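Please read the following report alongside the sequence and the coordinates.

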Amino acid sequence: MSINVSSEIGFLQKVIVHRPDSGISRVSPKRAEELLFDDIVFLPKMQEEHDVLTLLLDKFLGTKNVLEITTLLEETIKDEAENKKLIISRVEDYEELPRKFGEKLESLSAKELAKVLITGYLEEEDHILFDPIPNFIFTRDIAVVVNDHVVITKAFKAARYRENLLTRFIFWRHPIFKPLRDKNKIINLNDLDLFPPSKTGEQVSLEGGDVMIINEDFILIGCSERTSMHGIQLLKQSLFDKKVVKNVVVINIPNDRSFMHIDTLFTMISEDEIVAYKPIIYDGNSSNILVYRSNGGISEYSSVKKFFESEINNDMKFIFAGDGRSPYQEREQWTDGCNLVALKPGVAIAYDRNTVTDLAFQKAGYSIVKAETLIKDIDEGKVDPNTIKKTIIHIPSNELSRARGGSHCMTCPISRK
Ligand SMILES: NC(=O)NCCC[C@H](N)C(=O)O
């Protein structure tokens, strides 16, 4: 399997997703904030909305190219006898489980075990063994493919640590990632010997929503609530040493719940179009940009806009969330109006609830279509996904958007052409 991503917009060929699992239905109002949900959600509706996303991906990429992380976990457990023991012992340690819980886990089939490792819940005994990991639906955050390497990220928030553990297990043990292991193309930020804390105690943390691969020479990393400067410095050095990219662009953004990752503030949808939250990305409020070169050079810009125009495309156009007007831009940035994943240049998936942002898309020449309608038209042979151009595809979002991430966050691209 070819694993290669060198842009945010090239034809999407293979992606990892995760359907909202039953752990989400056990997030209580008291625990919601700690588990990084802003509300409790209605799981069946959330699953229905997510199913529209995956069905749409199926139509464009082919079903076999939309990889469900639970299936990857199950296949990894099954692949070698020692894998099952290994992951159980890691989770036992990490979750501080009594020995009899571990024995119970050992008695499960690979399929059941994969499910329990994610949900924390043993259905047959109605037993909550450990916390759910409700944010696993945001597969963007767990790993990032940068050209032909994979960076396994390291979560800042404890609520997301088990996601890291399971992701590492999959990348280190699943047969489809063997070529990457054999060629030493996995950069694991959780390896404390390679990525230790700084002398002043600053930890490595870096979540995938803060990383974007703009082209094969430029990777962009947000220094945010979740991603530490120390983590960025170490990753930068590793990418330069391995000659993965020539430029690492660091964007400082304010610590704020509404923009915990850089991809909540902007995403690219074509070679010359970015969907953005105007105050920070275009006007440059509370942000600054440093471009580190592999030859030691450094350049500085006062806004993301200026960086893109000077170094990537001097004709870059910006489509603003909420049409760049308050209070709509704040409202629609909050509900992921800037967080889109491109299926190919000029065709991207957005939430259906950001109506003022839609006006901005229309002004920029985009058509807007409901995913359900498009899926039906594709099924009936009325539309060929290969011929669709300049289109924003709406997915339903009442429940999904409450988890504070959009289509960009819910997709981990493994291959783009
Ligand atoms: N890339 C992203 O922005 N991911 C969304 C993460 C939302 C999740 N509830 C979190 O707070 O971690």
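The sections below go from the basis of the model to its overall form and then to local detail.

## Basis and confidence

This is a predicted model, in which local features need pLDDT of at least 70 and side-chain atom pairs count only at pLDDT 80 or more, whereas totals for chains, interfaces and linings use all residues. Residues are numbered from 1 along each chain as its sequence is written.

The protein chain has a mean pLDDT of 97, with 100% of its residues at 70 or more; pLDDT is the predictor's confidence in each residue, from 0 to 100. The scores for the model are ipTM 0.98 and pTM 0.97.

## Overall form

The protein chain contains 14 helices and 20 strands, these being DSSP runs numbered from the N terminus (helices H or I, at least four residues; strands E, at least two). Its C-alpha trace spans about 60 × 55 × 40 Å along the principal axes. The radius of gyration of the protein chain is 21 Å, which agrees with the value near 22 Å that a compact globule of 417 residues would have; the radius is taken over C-alpha atoms, and the globule rule is 2.2 Å times the number of residues to the power 0.38.

Of the 417 residues, 48% count as buried, a class that requires 20 or more other C-beta atoms within 10 Å of the residue's own, while exposed means 12 or fewer and partly exposed lies in between, with C-beta atoms placed from the backbone. Among contacts with a separation of 6 or more, 72% join residues 24 or more positions apart, a contact being two C-beta atoms, placed from the backbone, within 7 Å.

## Ligand surroundings and C409

The ligand is surrounded by 14 residues, the closest being L36, G209, H261, G405 and C409; the criterion is a C-beta atom, placed from the backbone, within 6 Å of the molecule. By class, this shell has five nonpolar, five polar and four charged residues.

C409 carries the UniProt annotation "active site" from an unreviewed entry, and such annotations may be inferred rather than shown by experiment. C409 lies in the loop between β19 (391-395) and β20 (412-416), and it is buried because 26 other C-beta atoms lie within 10 Å. Leaving aside residues up to four places away in sequence, C409 touches F138, R140, D141, G209, D263 and N339.

## The loop residue I176

I176 is located in the loop between α7 (161-173) and α8 (178-182). I176 counts as partly exposed because it has 17 C-beta neighbours inside 10 Å. The C-alpha atoms of I176 and T76 are separated by 9.6 Å, although these residues are 100 residues apart along the chain.

Notes:
Ala, Val, Leu, Ile, Met, Phe, Trp, Tyr, Cys and Pro count as nonpolar, Asp, Glu, Lys and Arg as charged, and the others, Gly among them, as polar.
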